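Biologist: I have a model open and would like to go through it with you. Can we take it one feature at a time?

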Amino acid sequence: MLTGRCPGLDNRPNGRICIPRLPDRIDDCAMNKYLATVKIFLLGLGLSQVIATFQLYLSNVKLQEKLTILRDLGYFIIPTERIAAHLNAIGPAFWGGFFFTLTLGTGLTLLGYAAGRIRSHCLRNRRICDCITGALWLAASVAVYLDGYSIIATSYFVIVPPAVFFATLRLASQQPSLKQELIPLIPLILLAMIWLTLLDRSLFLNIRDGMLLSNPAGIAINDLYYDYTLYPAEVIKPLQKKTLKTVSLENVPDGTLKDSIDGALRRHDYLDIGGEEGADLVITEKTGKLLFEHRGRLLLETGTDEFLKGPGIVLKEFSSLNDRYRLFRRFTFFSLLVGLPILIYGFVFVLVRFPLSFFLSDAKASIVAAALCFILGVVVFFPVYGGVRTTLSSATLAQALTSNDIHERIAALKRIQSRRLDIGTFPSYERSLTSPSVPERYWLAVALGLSHRRETYADLLRLLNDPHPNVVCKALEGLGVRDGKGAVETIIHTIKSSDHWYCQWYGYRALRDLGWTQKESMEKH
């Protein structure tokens with residue numbers, strides 16, 4: 001027989017039987033405290049998404065205008081017309097905006113929420129707390145604005161943290177106590193310490209291979225990322241890293257000097273559009289000096305001989321002086337590493353805790369949910385850890401490539417790539433060409449790109465028709481590395497027939513690796 005009061009249960013007068021019952025309203029359940037926190041985060045993320053969509057829409061329209069000018073002048077544009085024609089649609093801006101929402105937006109929301117919770121628990125010296133919070137918020141906003149004078153970039157910092165901060169204060173009475181909030185933080189800190197052991201340049205690749213490309217849901221997330229990530233990237237990339245840049249040589253007298261400058265610029269994908277309107281760079285020649293301007297601002301001055309001897313160095317310096325998103329990029333990357341994992345953890349915690357709150361007390365439901373989240377975090381950790389730590393000796397590579405264990409075959413391909421071995425010496429690799437595993441075909445494309453054998457070249461061309469864009473990208477990159485005969489025409493054909501911006505981008509990089517450059521504008525002929 002059961003006796004005593006049971007939280008979330010129907011207690012009969014005789015005190016003997018407890019019958020589970022659901023609350024008549026969600027307000028009757030302790031879970032409502034966490035729902036208030038969810039509402040606050042949805043507010044911050046929603047505001048970020050609105051700003052991001054607007055920011056990307058303006059960027060996409062501007063990019064479309066640039067591509068139209070370049071196309072009309074006879075240049076080869078990336079992205080091609082198949083994608084450029086839809087840049088003025090709201091869809092790419094909306095879906096691409098999620099990148100900023102889930103990174104920068106998450107980080108700013110967390111900061112606003114943390115400041116609000118500190119303020120609500122601060123029983124003394126609240127005025128000092130308000131002054132410190134306000135000063136930090138103002139300093140961050142001003143720093144981002146002065147870094148690039150971008151009103152839209154600054155608006156994230158001006159709008160999101162204060163909105164979340166005041167919403168947190170307003171709903172303070174409906175949120176969990178400080179003790180309840182500390183319960184899920186303990187396993188979060190432990191998980192962070194565990195995952196930090198994998199922090200290196202290959203972390204995101206290992207997460208993609210081990211977590212995303214191993215299941216249908218993860219593949220959908222991966223594909224969504226690669227479908228739309230270049231839209232926000234176009235916003236924050238420094239000029240030097242953009243695929244195509246426009247330049248005006250209208251203020252450089254015609255002649256040998258102008259032709260030499262134009263050739264040097266085209267080798268770095270700065271394409272002459274004639275007039276100054278819409279140009280990323282305007283060059284003016286004055287008595288042996290070249291003046292580099294952007295939107296009427298003189299940023300750099302150099303000698304003509306100095307530029308022609310090292311155009312890459314000069315253009316890199318100009319790009320640095322013209323960079324408007326340094327702090328914005330850094331905070332976005334920081335939020336990607338810290339803010340997004342916290343958001344995912346919090347979402348899973350609330351999702352797990354919801355059913356538990358009907359049968360357990362507040363404290364017990366939080367403890368059990370936190371424990372389950374910790375176990376799930378560890379379970380997810382091992383596939384990524386295996387992708388990092390798996391090593392094979394050179395003597396066992398051939399055997400590993402024929403293994404029935406897909407992880408062993410992928411490890412063998414990674415080993416071949418890392419040691420820059422010629423995969424053509426391992427004929428057993430052909431099994432991987434038809435593998436259902438995207439990571440296996442991906443790493444095969446990487447390995448084939450390092451080979452110098454004729455038979456492996458044919459297999460690399462075969463992967464250009466792979467159904468997954470990640471594999472196609474690496475096959476294109478491999479063609480650029482191998483410098484095979486006729487690769488330029490093959491790559492250009494692949495770019496023109498592709499409707500995926502990422503594949504086109506990789507193809508263009510492969511062309512540049514092969515020494516291909518844009519032809520002169522038809523306007524000059």
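Biologist: Which residues form a nonpolar patch on the surface?
Modeller: Trp137, Leu138, Val142, Tyr145, Leu146, Tyr149, Ile151, Val158 and Ile159 do, with about 850 Å² of accessible area together. Patches are made of residues with over 30% relative accessible area and no salt bridge; like charges are joined within 9 Å, and nonpolar side chains (Val, Leu, Ile, Met, Phe, Trp, Tyr) within 5 Å. Accessible areas come from the Shrake-Rupley method with a 1.4 Å probe, and for residues only the protein chains shown count as cover. A salt bridge is a side-chain nitrogen of Lys or Arg within 4 Å of a carboxyl oxygen of Asp or Glu.

Biologist: And which elements give two or more residues to the patch?
Modeller: Helix 4 (126-148) and helix 5 (151-170). Helix 4 gives the most, with five residues. Helices (H or I, at least four residues) and strands (E, at least two) are DSSP runs, numbered from the N terminus.

Biologist: What should I know about the model itself?
Modeller: It is a predicted model, where local features need pLDDT of at least 70 and side-chain atom pairs count only at pLDDT 80 or more, while totals for chains, interfaces and linings use all residues. Residues are numbered from 1 along each chain as its sequence is written, and side-chain values use heavy atoms, with hydrogens and water left out.

Biologist: Back to helix 4. Which of its residues are buried?
Modeller: Cys129, Ser141, Val144, Asp147 and Gly148. Buried means under 20% relative accessible area, exposed over 50%, and partly exposed in between (1.4 Å probe, protein chains only). These buried residues pack against helix 3 (90-121), helix 5 and helix 13 (326-356).

Biologist: Where is tyrosine 149 found?
Modeller: In the loop between helix 4 and helix 5.

Biologist: What is phi for most residues?
Modeller: Most residues other than glycine have a negative phi. Aspartate 269 is not a glycine, yet has a positive phi of about 65°.

Biologist: Is aspartate 269 buried or exposed?
Modeller: Buried, because its relative accessible area is 9%.

Biologist: Which side chain does aspartate 269 meet in a salt bridge?
Modeller: That of arginine 512, at 3.1 Å from N to O. The pair links distant parts of the chain, 243 residues apart: aspartate 269 is in the loop between helix 10 and strand 4 (270-272), and arginine 512 is in helix 21 (residues 501-513).

Biologist: How many salt bridges does the structure hold?
Modeller: It holds 16. One of them joins aspartate 262 to arginine 266, with the closest N and O atoms 3.4 Å apart. Both residues lie in helix 10 (residues 256-266), four residues apart, about one turn of the helix. Aspartate 262 and arginine 266 are both buried.

Biologist: Which buried aspartate has no salt bridge?
Modeller: Aspartate 459, in helix 18 (residues 454-462). The nearest side chain of opposite charge is arginine 462, 4.6 Å away. Lys and Arg count as positive and Asp and Glu as negative; His and the chain ends are not counted.

Biologist: What is aspartate 459 in contact with?
Modeller: Leaving aside neighbours within four places in sequence, aspartate 459 is in contact (heavy atoms within 4.5 Å) with Tyr429, Leu433 and Leu448.
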